[in-house]
Amino acid sequence: MTRASRAVWIAVGLVCTADAAFARRVVVTRAQLEAAGAMRISDALQLLDAWSPQSNDGNTWMPTPRALEAPRSTAWSVVLNGQLLDVGVFDATHLELVPVAMAEIDSIAFDDGVERSFAGTAWESANARVEIYAARATHGWAVAATASGGNEIGDPGPYRYTPLATPNVDAVGADASLWLARGARNWYASLSGAMMQHPYTDPAMRERTADALATLRPGATVPENSGPTSWFYDPGWPAVLRLSTSARVGVHAGGGWHEGTLAVANARRYFHYSEPFGSEVPTDQRALVGGATGSFGAGASTRIGYRALASTKQLDDQDDVLAFDYDWESRRVAGALDVTHARGRTRAIAFAGYETRRVETADTLSDDDDSFVRAGARVERALGRTNRADVEFATTSDGDDVALSAAARLHWMVRTADTVRVRVAVRERLFAESDDLWLWSERGYGLLERNGTSYTIDGPIDRTRVASADVAWSSSGILGGVDISLGVRRFDDAYVETRAFSYDAATCGFDAPTRVVTGQTGHVGTVEARLYHSLGEHSGGDFSWGYVEEFDSDPAFGATWQTVPRHRLRYTAWARPRSTWAFWARVCHDSPTWWSDYAEVDGVMCDADGVPVTYRARVDGFTFVDAMVQHGMWRERLWIDVAARNLFDADVHYHPLGASFGLTLLVQARLRWSD
């Protein structure tokens, strides 16, 4: 094994940076994704303990990024190679709709700090974002491919809840991706495609989703399953099929790279659990995005960066037969510019951006378009060779209201091995930026009314505000290091949803009017600790503990935070005894959560095709073990990963109505070749 490969494995854990406890920007490289056996983009999200991801179905994962957003909020954003993507469905963000192949991902950055934004702030006013970077071919041809799939073990038997209908529960996949690229010194081009399948085969979920697919419009009949995907996919049973393709071309000119992108993604029968409806809701989701990004020099000390984007998102029923239909199309056009100037120990960045959004639906809206202007500046100052400080200010306007954001950060190296970091920040977000169901329902969008769901909003919503303060200490040595951070957040003018669900035994679903409680104030404290260490030249370990505590808050706000695990513990160990063999394992623990919206239906039972399922408002804590072995061949161009998730078949739930994630075996093949 080379020194470089040893360094990769010594650095790899769930997420590894020497800065991890306080880094507002954590980068997970391709090597780290492969070492952890990541098969989907959401697998990378699950490696971030501080983001506390939760899922109902194993496909849509909703995080609470370092307690800077409300639990399972959609306020965090997704960026692909500098292009802001619209992959949301009002109350969920479908990360798997990102039009990128797993085979072409070079790294994924998780950014939850305003002070790290500069040009990104010109795109949106989120407290957190996921930035995905596709690989760039260097010289010659490059080919990469992945194929994976798996199955849950120990349930009623193979394929009971699949179209074959012959007594198992959860299949995972099949997934596949392919990346072809050609590069030279001053240019590159690439083409990629990806396929993902995810059956919703948990017994209770299968019961609810089958009912949604059987409820048709008056006079409608299910069309014959035909087309190129009919031999491996049937839209008449509840499973999402996601297909995507993208093309990228880049040239190096003017002292910088310039890239053009065209990508399309389609998710057929995408289900996600929607709290306002008390069940999974189906849609066919399509996204088309095109844009350009790049930078060039303007003198020895100045650089200019730019981004331009046009995108379309559609939410509807492709067959026009289901009773539930979003009937929604959203178009966005955006542009951003940033100027960076460095002189001596100081670097200054100014940025500005513009975005316009227009929607189309059969409903008559009071306002069907929005425009946003964003601008700001950041100043960084080196305080000697190892210390630095920076401040940032940004503003967003939609023509009627203005939101402000500011941050200041200090990085101080007390001595060679010890560093202290301090950050304070405040970020406001306009209600119009939320693009959620409550914004559009207030403007006349009739989705809720058409489906018999009622709601009330207590008062006006102009903007929300989150103020945060963090202090961290890190120390490192020959055998490892430790990171400890403390944080506090104050939320003002927040709005949260409350319900008192009743049970519908016929569909195994729930129903309740939604009350949107506005003007909420609350506080959340966080503690993060990480200890990473080596276990020899070819192995290492990583322990992390996260603690989240809500305090001194309005009642509705406080109840929402009871759905987030108070404690999260992880220990990961890895080893690579030979260059072609690798082992990885982790132990995970989440503490119990309480979901007050489900208090009135605690203990009800669903008869899911003969399988009794009991719903509980209290989701018990759980501990599970994942393990994986990897083997490389053909000069380490081809790797086979064999993984067991939840090795000891613990009862793992994240939500009162969520699937049970039992012991699941998965296999993945990874190929990477270049001439």
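Reader: Is Cys508 buried or exposed?
Author: The model is predicted, so local features need pLDDT of at least 70 and side-chain atom pairs count only at pLDDT 80 or more, while totals for chains, interfaces and linings use all residues. Residues are numbered from 1 along each chain as its sequence is written, and side-chain values use heavy atoms, with hydrogens and water left out. Buried means under 20% relative accessible area, exposed means over 50%, and partly exposed lies in between, with a 1.4 Å probe and protein chains only. Because Cys508 has a relative accessible area of 1%, Cys508 is buried.

Reader: With which residue does Cys508 form a disulfide?
Author: A disulfide is a pair of cysteine sulfur atoms within 2.5 Å, and the structure holds 1 disulfide. The sulfur atoms are 1.7 Å apart in the pair that Cys508 forms with Cys606.

Reader: How many residues apart in sequence are the parts that this disulfide ties together?
Author: The torsion about the S-S bond of Cys508 and Cys606 is about 85°, so the disulfide is right-handed. Strands (E, at least two residues) and helices (H or I, at least four) are DSSP runs, numbered from the N terminus. Cys508 lies in the loop between strand S24 (502-504) and strand S25 (509-511), and Cys606 lies in strand S31, so the parts tied together are apart in sequence by 98 residues.

Reader: What is the relative accessible area of Cys606?
Author: Cys588 is buried, because its relative accessible area is 1%. Cys606 is buried too, because its value is 0%.

Reader: Which backbone nitrogen does the side chain of Asp597 reach?
Author: Asp597 is found in the loop between strand S30 (593-594) and strand S31 (605-608), and Asp597 is buried because its relative accessible area is 15%. Contact means heavy atoms within 4.5 Å; leaving aside neighbours within four places in sequence, Asp597 is in contact with Glu497, Thr498, Arg499, Ala500 and Phe501. At 3.2 Å, the side chain of Asp597 reaches the backbone nitrogen of Arg499.

Reader: What kind of aromatic pair do Tyr503 and Phe510 form?
Author: Rings of Phe, Tyr and Trp (its six-membered ring) pair if their centres lie within 6.5 Å; planes under 30 degrees apart count as stacked, over 60 as edge-to-face and the rest as tilted. By this rule the count comes to 26 aromatic pairs. For Tyr503 and Phe510, the distance is 5.4 Å centre to centre and the angle between the planes is 50°, and the pair is tilted.

Reader: Is Phe510 buried or exposed?
Author: Tyr503 is partly exposed, because its relative accessible area is 23%. Phe510 has 4% relative accessibility, so Phe510 counts as buried.

Reader: Over the ring of which residue does the charged end of Arg136 sit?
Author: A charge sits over a ring if NZ of Lys or CZ of Arg is within 6 Å of the ring centre and within 35 degrees of the ring normal. The charged end of Arg637 sits over the ring of Trp634, 5.1 Å from its centre. For Arg136, the charged end is 4.6 Å from the centre of the ring of Trp257.

Reader: How many salt bridges does a search of the whole structure find?
Author: A salt bridge is a side-chain nitrogen of Lys or Arg within 4 Å of a carboxyl oxygen of Asp or Glu. A search of the whole structure finds a count of 55.

Reader: Which residue forms a salt bridge with Asp319?
Author: Asp319 counts as partly exposed because its relative accessibility is 23%. Its closest N and O atoms are 2.8 Å apart in the salt bridge with Arg268.

Reader: Where is Asp284, which meets Arg269 in a salt bridge?
Author: The side chains of Arg269 and Asp284 meet at 3.4 Å, N to O. Arg269 is in strand S12, and 15 residues apart from it is Asp284, in strand S13 (residues 279-297).

Reader: What is phi of Phe90 near?
Author: Phe90 is in the loop between strand S5 (83-85) and S6, and Phe90 is buried because its relative accessible area is 7%. Phi of Phe90 is a positive value in a residue other than glycine, near 65°.

Terms used:
A polar contact is a pair of N or O atoms within 3.5 Å; within protein, one must be able to donate a hydrogen and the other to accept it, and residues adjacent in sequence count only if both atoms are side-chain atoms.
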